[in-house]
Amino acid sequence: MPIRIPDRYRLEMRLGRDGDIEEWLAADTSLDRPVLIRSLGPDSSSDRRSQFVASVSAAAKAHHPHLAKVFVVEETESGAYSVVEWTGGSSVADRIGASFGIELDEFLPNATGLAAALAELHAAGAVHGSIDLSAIAYTEDHPAKLGGFGRPYQGDVDGDVRALAAALETALTGEPPGGPPPSESIDGISPEIDRVLRGGQSGVYTAEQLEKALSAAPTPKKPSPSPKSFSRRLLLTAGGLVILAVGLVGFGALFGTPSESILPTPTTQPPTTTSTSQLPIDPAAPIITEVNSFDPFGEGGENDALVGNVIDGNVSTIWQTEQYRDAISTLKPGVGVVVTVTGVPGQMQLLGFTAGTGFEIRWAESMQGDPTTFERVAAGTSPAGTTTVELPGRDGGFWLLWLTELPIQPDGSYFAELSELRLRP
């Protein structure tokens, strides 16, 4: 449970934890805007609370378009909290986890901006102390912004620059530093960018110098299509997927514990689909042509007005189930979202999916009114962050995300939220 905060902030959704800091999406009712609440609870020490307040207060003195704004920071009898700008709820770490980084043509403007933001932070006398990919917010609707203020210190000013340069390389390549330079794995990247990023990691730059070096680097060029050759990055990515698949089969633990595994469920009866539904995965991206809520055991709909948000490409919009006063399993078998698909998806990604939601993935060649008539292909409990499910090859048809357990919320109600449902080849 969060600590007590002023009544003007209405808690909307618990986002999880950033180390020992609890995070909530909240509404500032006085200014009618979303905000991020970061708090330390009563189990934190007085020294830790003092460090949190000092760190966030120092960050509040710096102002830059690529810094998350700090509105309030306060220590209370039961802990400490800060109120920070809501930047969309997606970090670069989330994007890397979903096989996205910062787009090539957006990389240098955002990288340069982040270095400039860090320079402003240092000029204000502040040290971040714990920069990584999860401290950098980034969505298609917002520029990359450095946040995560108030984490325990793990470095100094020089460490901030080294950590930012390392994070930027991973944001560009999708891989931790230490492998091939970015120019060797991504077409269109100049070796000058390699030199700048590796120089930042070795400590030869201040944040201001890193900004100037990045701003002077050649703009990456989008590669021309070339069907006769493959980039090294594609080969590395393919190899990584193979290793991931082998690991999933060998260890059966996608999210750390067997109870949270998202693995295909064996069927006890032969599939009733035709041979066309068992095609190998098509390299062409599958397309979602329609989305609907699915509530066959209720009133037929489940927040229909919001369901289109799960395929709008915007992680800041959400679909939310109805709020229930009792566990949904005591009321009905579940509720869900069904998408109509063309093509053969190999993977389903669920972004902004409330942690602790019990769910199943089901498929049918034609639309069915009973979820049990869909083929059950996977099941699990959603972890924090992006939920990724490997799918068997099914051509077209209807994919059902069936929610069988909804997490209990601080007000005692039960509901779940989902920002995006994406299908990948």
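What share of the contacts with a separation of 6 or more in the protein chain comes from residues 24 or more positions apart? The share is 71%, where contact means heavy atoms within 4.5 Å.

This is a predicted model, in which local features need pLDDT of at least 70, side-chain atom pairs count only at pLDDT 80 or more, and totals for chains, interfaces and linings use all residues. Residues are numbered from 1 along each chain as its sequence is written, and side-chain values use heavy atoms, leaving out hydrogens and water.

**View 1. Meet the whole chain.** Look for 8 helices and 17 strands; these are DSSP runs numbered from the N terminus, with at least four residues (H or I) for a helix and at least two (E) for a strand. Of the 425 residues, 49% count as buried (under 20% relative accessible area, 1.4 Å probe, protein chains only).

**View 2. An open sheet.** Here 5 strands line up in the order β1-β2-β3-β5-β4, with antiparallel pairing; two strands pair if DSSP finds at least two bridges between them. At the edges, β1 (9-18) and β4 (70-76) each pair on one side only.

**View 3. Zooming in on β2 and β3.** Strand β2 (residues 21-28) and strand β3 (residues 33-40) run antiparallel and are joined by 7 bridges. Within this pair, find E23: it stands opposite R38 in β3.

**View 4. A helix across the strands.** Helix α1 (residues 46-60) lies across β2, β3, β4 and β5 (79-85). Its angle to β4 is about 160°, taken between N-to-C directions on a scale from 0 to 180 degrees, with axes fitted to C-alpha atoms, for helices over the stretch in contact.

Conventions: Buried < 20%, exposed > 50% of the residue type's maximum accessible area, 1.4 Å probe, protein only.
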